[in-house]
Structure formats: C-alpha cells, structure tokens
Amino acid sequence: MTVTCVPGRRQRPLPLLPVAAGVCLLIAVLDALIGVQLVALLVIGPLLACTRLSARHTALVCCWAIALGTATGLADGTLLTAPFVLRWCGLLTGCALTVYVAWHRTASERALKSLAHKAVRAARDRGLRPVSLHLDGTHVCAVRSRRFAQQARGSGLCDAVRTPFGLRIIVGDVQGDGPDAIRLTAAAGAGFRELARTAEDLPGLAAALDAQLAPQLGPEGCVTAVLAEFAPDEVRLVNCGHPAPLRSGRGVAHLEPAVATRPLGRQPDPRQYRCRLRTGERLLFYTAGLTEARDPHGAPFPVLREATAALGVPSAEEALDSLCTRLLLHTGQRPDAGLSLMLCQPTGAAGASGSAAARPRQDSPPGGGPHEVRDGWFRTLLKTAPDATVIVDVTGAIQLVNAQAEILFGYQRAELLGRPVEILVPERFRSLHVLHRHGYAHNQQVCPVGAELDLYGLRSDGTEFPVEISLSPIETADGTLVAVTARDVTDRKSAEERIVGLADLVESSHDAILAKTLDGRITYWNAAAQRLYGYTPEEAIGAHVSMLAPLDRAGEVDELLERLRRGEKIEHFETLRVTRAGRRIDVDLTLWPTRSLDGRITGACAIARDVTEQKRATAELTALYEQQRHVALTLQRSLMGTPPEVAGLHTAHRYLPATQGAGVGGDWFDLVPLDAGRVGVLIGDVMGRGLEAAAVMGQLRAAAHALAKSGMPPRRLMHTMEAVVADLPDQFVTCCYLEIDPEAGQADICSAGHLPVLLVTPDAEVSTLPVPVNMPLGVGMTRHEQVTVPLPPGSTLAVYTDGLIETPGCDIEARIDALARTLAGAVATAPGLEEAADGVLAGLLPDPDGCDDDVTLLLARMPSLPLLTAGRELDAAPAAVPAGRAFLATTLDAWQLAGFTDDAQLLTSELLTNAVQHGRGPVRLRLCRTESGLTVEVTDRDPRLPRPRTAGTGDESGRGLALVDALADSWGTRPAEDGKTVWFTLTDAESLRRGARAWSEGG
C-alpha cells in the first residue's frame, strides 16, 4: 500500500429525474381512473427529486407535477371549484419548499466537498504526513516538517510503499529553491510510488527513477536519496549520494555503503548492499534538515550522539519525539525546511497494522490539573516554539497557551484558559472552524486548516489579521489534546500580492523580458518576448540564450554572461538578434544580475526593446541632415568664394563649418583691393543656421563687396548695409569693416556689434583696437561711428567670429583673453602667418571636427619696410599748379625717382587744374612711394566726383582726365570725409630699383 491520502471519487447520482416524473404521472392517471382528486399527492414526485437532485432538476419535476395537476382539473371539469383550487395551492407550496430544500442541500454539499478537497490539497502541499504503521512485519514511524511559503533551500522526500517485493521506502533531499523544489519533490514521490511496484530490484528502481527525474532537473539540480527494501531478517539498500542511515542495536552507527554512488539526476551507478536486521534493531533514515541544523551560535547538531540517546527509548514514536525535541532544544526554533525522519523496526508480525498515535501511552506520567500539562519536555517545547501555540481539548476549550500566542492575539494567559478556541476566530469563520475541529476529532493527524483559503485571526481589540493554522494531536495523561499553531502571515500576504502585481506588470510589459541562469539557460519568457522573437515559452524556456544571437556574434553572448557573473549591470547595449523566422532585428538590451538572499549571483534578467524602426528612422534623418548640410556648405563656400591675394598686405585665413547642431552658419569674410594700395577687410556673422543663413550671407557679402569696391568709407558702408538688412525680415547681423592703408600705416574701422579686433605688435604684445561697438545690423537705423587707428609696421591684425571663442558656460571676456594669449604665442613662434593661423586653431579648438558653430579667422600683417610719403596743402588758385609741380620735382629728385618726373608733373598739373577750376580749396597734394610704384593723390573740398568726357575739336578743356587715363598705370576717384580724392599711379620697375638703391645708399 502507499501511505497517501486520496480524496474519494464523486459518485454518479441515481437517475431520479425520470423516476420522480413517473411517480407524478402515475398519480395523475390514478386520479383520472378512480375519480378521486389526488392533486395534492403530486408533490410526492418533487419530494423524491429534492433528496438527490439539484434545484434545477427539482424545479423541472415541480413544473411537470403542476402541469399534470392542471390537466386533471381540466379533464374532470373541477378546475375552478374551491376544493380543487385549495389542493392546487397546496401543490404549489409543496413544490416551492422542495426547490428550496434541494438548493440548500446542494449548496451545503458543495461547501463540504470544497472544504474537504482544499484540506486534502493543503495536506499534500505542506507535506505534513506523519506515518506510524505496521507494514509487512516492519513498524514504520515517520515525521516530516516542511514550510512551503518560507522554504529557503531544498525539500525533503519521504515515502513508504508496500510492493510485491516487500516494503520499500525512500528518504532523500531535492536540491533546489522555492516552488521548483516543491514540484520536483512531488514528482520524485510520484515516480517512486509508480516504479516501486514494478522494479524487480533497488538498482533498477534507482536507474528508472533517475531517467524519469533527469529531464525535470536543472543543470545544477539533483536528488540525493536512500532506497531501502525490507525482507525477513535483512534490509537491502541503495544510497545515491545521501547521508548514510543510522543502525541502532547494541550501539548506534552509520550504515555506510561499500561504494559511493552519485545522486539521482547525475547519471548514478546504483550499487545495492545488504545488512542483517534483527528484531529490536532499528534503522533511522533522515534528510539534510537534521545534519545541517545549527544552534544560534552556528554549532551543528550532534546527530550521532543525540540519536544514540533518543533511539534508546523503547517506543518508536517516542524515540522520534525525543529526537525532535532534542533538535528543537538545540536550534531554538521549528525544524528547518525539508526535515524528514523515518524510523523502521522489524516486528515479526507481518500484515499487522495500526496507529500508535491513536493508542494512549502506558508510560505517561499522571495528569495534572485541568489547566496544566506537567511533562517537562513538553513545556520546554511549548515555551521555545517560535509560533503562537494554543493547546485545546477535544471540546475546543483552551488548556494552555505560550507567550507567543499572548503577544499575537493580545490576551493575557488567564483570559484564554478554559474559553473556547473560537474566540480567536472572526465571527464569519467560526462555523467552519467548528466543522474542522469536529472532523479532526475523527482523524487525528498533523494537518493544515483551510489551505488555499484566506483564514483570519481575531485579536482582543477586534482587529483581524491573516493567519496560517496547523493542528497536531498530543497524547497526555489527561487524554488527547490538540496543538493549534498559528502564524501571522500579514507580511507574507503583502509580499505575495506585490509579487503577483510585479508578475502581472512584467507579463504585460511591451518590452521583451527574460530571465536566465548564469550559464545562459532561459528560465522565464514573457509575452512580449514571444512577440519579438517568435518563440513560445515552451520552446524558449530551457534553451540557451545564444539561439537569439547571429552566428557572427556568438562570442558576444559569452562576453555578456561573463560580465554578468562579475556583477556588472549593462545598460542600453545595442546589438543584433535573430528571430525564429531568421530575421535580423536591432535591439537595445539592459541586463543585470539577480542575487539570492545571501548576496550570491544566481542568474540574470534582460530587457530587450526592438529599435529596428528607430535606427532606420535615425539613419534616414542622418542622411537627410547630411544632405542638407552638404547643400548648405556647398552654397556657403560658393557664395563666400576665395579671397584674392592683395599686394603689399600678407594675409592668412581659416574657415571651419559647423559639424554639430543645425548645420553651417552665416559666417563670411572678404578682402577687397582698393585704390592707392589700400585694402578693405570685411567680416560678418548672420544669426542662424542652415540654408537660410547661408543664403542671407551670400546676399550681404555681395552687397558689402560692391559697396567697399566703390571706395565708400566704413561708416557710410555700415549705414548702407543697415538698409540692406532691413529689407530682410527677422535678420540680425554683426559686421566689421576695416579700410587699411598700408602705406600710411593706419586703418579706418567701423564695427556693427562684432567682436573686437586684436592687434599684435612685432614684439608679440596683443591689444584690442579702440573701436566703438555699435548696434548689430537689423536692429534699426542707428548711428555707426568710425575711427582711425595707427598700425605699426610689421604688426598683425586678427579678426574672427564667435565660433572661435564661444564655449558653453565660459565668459566671453575670458575667452577673448585666451585668444589673445594664444595669438601672441602663435605669432611669436610661427615662421609665417599660415603657421600662426594653424597654431591659433590648435590652441583654442582641441577637436576641430566637433565645432558647434562656424569658425572664421583672418590674420593680416602690415608691411615691415618703411614707406615714403610727402604732402603739401595749396590754395585753390592758379598759382597752386606751378607750386605743386615744383614740390613734385623736388620730392622725386630727393627720392631718386627722376625717371617719373616728366609724366608725374604732366598728370599732376591736370589734376591740380581741375581742383582749382571745379573744386573748392584748400587743395592737398600727397605723394606716396610704394614697393610697386609712385602714387599721387589730389584732394579738394568739392564732393562731386569728376567724370571723364570726350573733348571736342574746339574745346579748351575736357582733355585732362583723358591724359591721366592714357599715361597712368592706374587711376581713380574716391569719396573723402570732406570732399573727394583723385589719384593715379606710375610704375617703372627699373626706376624703382635705381631709386631704392640710391635712397638706401644715401640714407
């Protein structure tokens, strides 16, 4: 036989529905045949139905009876008579009562059956199955303790089966955690009970059990077990990695196997060994819960010593009680999860059976008073029990409570003794509790109460709390008592609710979530993972996570697992994965290790998000951005052009387009060659980015270039540019224009909100030019001021835009100072301007490829050789012409440039004549010797510019400008602040070389 509790099968009810209907029909026929009104007797059919059938079937029989009664009244014509109506109403009343009786009986039966099934399932789940039976000449006594909800590690296995080969038992431990261990324990027990009846020997039984359990065990799971088969005068054993049983006879010793065998699940090689077992000798089988027990100081339980003392007790039940008591006194708490003890003793009376727990002990001490139990060991056990324990008698009266019960329920001991235990139960549960207690009186075994039900305890202040209750019989001199153990499971219920909530949250997540072991085996797979990868949970769980990685990324999985074993958390790891259909997808992974209560890393979890569409959209946006940026950059470069080489002024320039943000900006610069060796320098910055800024920059650069080319002074150029920008909606522009005269060593400057211009002297001293900073262009028609500043020979000018110096979180003044220091060092150490420009960019922009804004830098160096100039102011009178000719001749002779005298005197005479006749005095004559030639300027106070014309045959005037145009290498006019200037240049390389040589020798 198998020591299990199986709920009875539901019996099929007798077919009473046709029987009850037939009875009603028979009564109706008799009523018609004998002529006696038997309508009231039709209620017999519903009465029969309500005894066995459901309320619905009983109602059908009632309807049939009422219909037959109505038919009999119609048949004999008495339907409307008073006697018939009275009998028919009685029939209706009886039918209603029978339907109510059937409903109440069915509900009661359903409640009792549900309660019985739940109690059976609870007993099975909790594993509290004490066994004390005589089987085939062997007295088997077992104790098993298991805590389902709080199980931390492992699960005990203990069972005995009567087979054709004799009594066979199994005692072992299932290695594992939590619900998996419970499941494997149940599977191992079921497999043993099934195979024990068919396996011819114990090695075959062990091999078959190993083959059955191996697929259900994880990579590190196993089952250690001792299998035993009892025969007359001997016992046969197979030990699969389990602690050896203890043999008690003349002494107590371990019954070790000759050859050790691996546990089940790890391909054991079962070896059977035998030992003689005489009458009176005992075998104690136990699980790891006994050997791993520790006291509060960590000292192990001395199994051999305590078992020797306990097994000396004659009664097997008391021997196990003694051993459990010694274990409890050692640990100070309830037995640990998975503790199973089985004591086997040959009796020599095969076939006898009985329960020692049901017989009163003959050696119990005399009982005490009604409210105390004087057994010293029992009081110690009750006092040290960690749970609230209430001892009641068979009538439900409380006989004893421990301190934990007083604390849990809030009563004093005197308030509870003698009162019914139902005062500790809420009102709505008291009837069920009484039913449980009466049922327990007829089946006294350790069992839980209300498993899978929500049970609640009642404190003295009326508050309720969830509890877990267990009943255990206790034999005393006063009779059988019942120990009611109650545990407050409020925290556990809250934790279970949180776990259920988290499980629902994980399962409903839109991201794929999976759990795995440290070797990569998948242990959890949510619905989103199935949608993403295409594998069902049945296909994924147990498989290796590498099945999700492409073949070219197989090493990546091992690398991630190794990082998880080291305790690293990996966030936003983007990689490729493969679905079941073979489609590659881009995923964003977040992985982290999971830990046990003691901090050990036991596995890992992963969240995967499909970013395929996101990456595709990002790539498209990047390509579109790069295309737009390329168009803007091409447009900007084409509009900006390449500045020309300017004679007499060495320049170096750098332009870096923005590589971050919204694309290229509106920076520009320009070099404009002007008359008389002068050079215009333009630099500006249009606020904004992209194509619009580049287009506006192109318009402004073209306009500024044309205005500068016309010789317009800086102040007037800025005023004109203000009008141009005003026609462009919502535009703000900073701009600076320098009109540099290298020959005079000075520059006219006007700035519209632009950054200051830096000047580096030949001895590497850097200063800011004192230029008024006016409002930017586009703000409004404001007055723009112009200044003239001297420029020492060999000095260097630096103009730039904000992209060179602006950085987030830095003061602009500090950045300008940094530019000044960098510029001074670069100019002082670099051999030329090109190298100096590279040095400035390297010092201020560590990452030129990561610019947030356009960067523009222009360096211009003044000539280092001294220039020769001379001038004279003349009155606007005819005498000014010969005076000017004489001054010219004298000066050219002094400069050793006599070769220019004739042409220069002729052309100067024409310009002076025009100034005297058509302009206003005084007239200024200025001579300038340059590296390329001789420049002569004539300035008067009349702002009207001369216009060349073709003179007629008889005209006495109109030929002066024609002579200038014919003889001069170049000539021109430009507006001045107080009038106009007309100039011409003469170039003769040989004369210049002779004059320079003579001048240097004379100087």
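Predicted model: local features only at pLDDT ≥ 70, side-chain atom pairs only at ≥ 80, totals over all residues.
Helix α6 covers residues 202-213 and has twelve residues. The distance from its first C-alpha to its last is 16 Å, close to the 16 Å expected at 1.5 Å a residue. The buried residues of α6 are L202, P203, L205, A206, L209, D210 and L213. These residues lie on the same side of α6, because they cover an arc of only 160° around the axis. The N-terminal end of α6 is capped by D201. In this cap, a side-chain oxygen of D201 lies 2.9 Å from the backbone nitrogen of G204.

Buried positions in α23 are A880, V881, G884, F887, L888, T891 and L892. They cover an arc of only 125° around the axis and therefore share the same side of α23. T890 and D893 are exposed on the other side of this helix.

The loops on either side of α23 were also considered. P878 is placed in the loop between β34 (868-874) and α23. With a relative accessibility of 66%, P878 counts as exposed, because the cut-off for exposed residues is over 50%. P878 and L912 are 34 residues apart along the chain, and their C-alpha atoms are separated by 8.9 Å. Q896 lies in the loop between α23 and α24. Its relative accessibility is 41%, so Q896 counts as partly exposed.

Charged side chains were examined next. Side chains of opposite charge can pair when their charged atoms come close. The structure holds 36 salt bridges. One of them joins R487 and D387, with the closest N and O atoms 2.7 Å apart. R487 belongs to strand β17 (residues 479-488), while D387 is in the loop between α10 (376-384) and β12 (388-392), so this pair ties together parts that are 100 residues apart in sequence. R487 is buried, at a relative accessible area of 12%. D387 is buried as well, at 9%.

A salt bridge also forms between D269 and R271, whose closest N and O atoms are 3.1 Å apart. D269 is partly exposed, with a relative accessible area of 44%. R271 is likewise partly exposed, at 43% relative accessibility. In a further salt bridge, the side chains of E568 and R563 meet at 3.0 Å, N to O. E568 has a relative accessibility of 27% and counts as partly exposed. R563 is also partly exposed, and its relative accessible area is 22%. Salt bridges also occur as a network, which links R168, E229, E234, R236 and R274.

A nonpolar patch is found on the surface. The patch is formed by L25, L26, V29, L30, L33, I34 and W64, which together have about 670 Å² of accessible area. Helix α1 (residues 16-34) supplies the largest share of the patch, namely six residues. L25 is a residue of helix α1. At 39% relative accessibility, L25 counts as partly exposed.

The last features concern the backbone. Most residues other than glycine have a negative phi, and most peptide bonds are trans. The peptide bond from G921 to P922 is cis, with omega near -5°. P922 sits in the loop between α24 (901-918) and β35 (923-929). H572 has a positive phi, near 50°, and is a residue other than glycine. This residue, H572, is placed in strand β20 (residues 570-578). H572 counts as exposed, with a relative accessibility of 59%. A positive phi is also found at Q896, where the value is near 60°.

Technical notes: Residues numbered from 1 in each chain as written. Heavy atoms only, no water. Helix = DSSP H or I, 4+ residues; strand = E, 2+ residues; numbered from the N terminus. Expected span 1.5 Å × (residues − 1). Buried < 20%, exposed > 50% of the residue type's maximum accessible area, 1.4 Å probe, protein only. Arc of directions from axis to C-beta. Polar contact = N/O pair within 3.5 Å; in protein donor to acceptor, adjacent residues only side chain to side chain. Salt bridge = Lys/Arg side-chain N within 4 Å of Asp/Glu carboxyl O. Patch = residues over 30% accessible without salt bridge, like charges linked within 9 Å, V, L, I, M, F, W, Y side chains within 5 Å. Areas by Shrake-Rupley, 256 points an atom, 1.4 Å probe, with all protein chains shown as cover.
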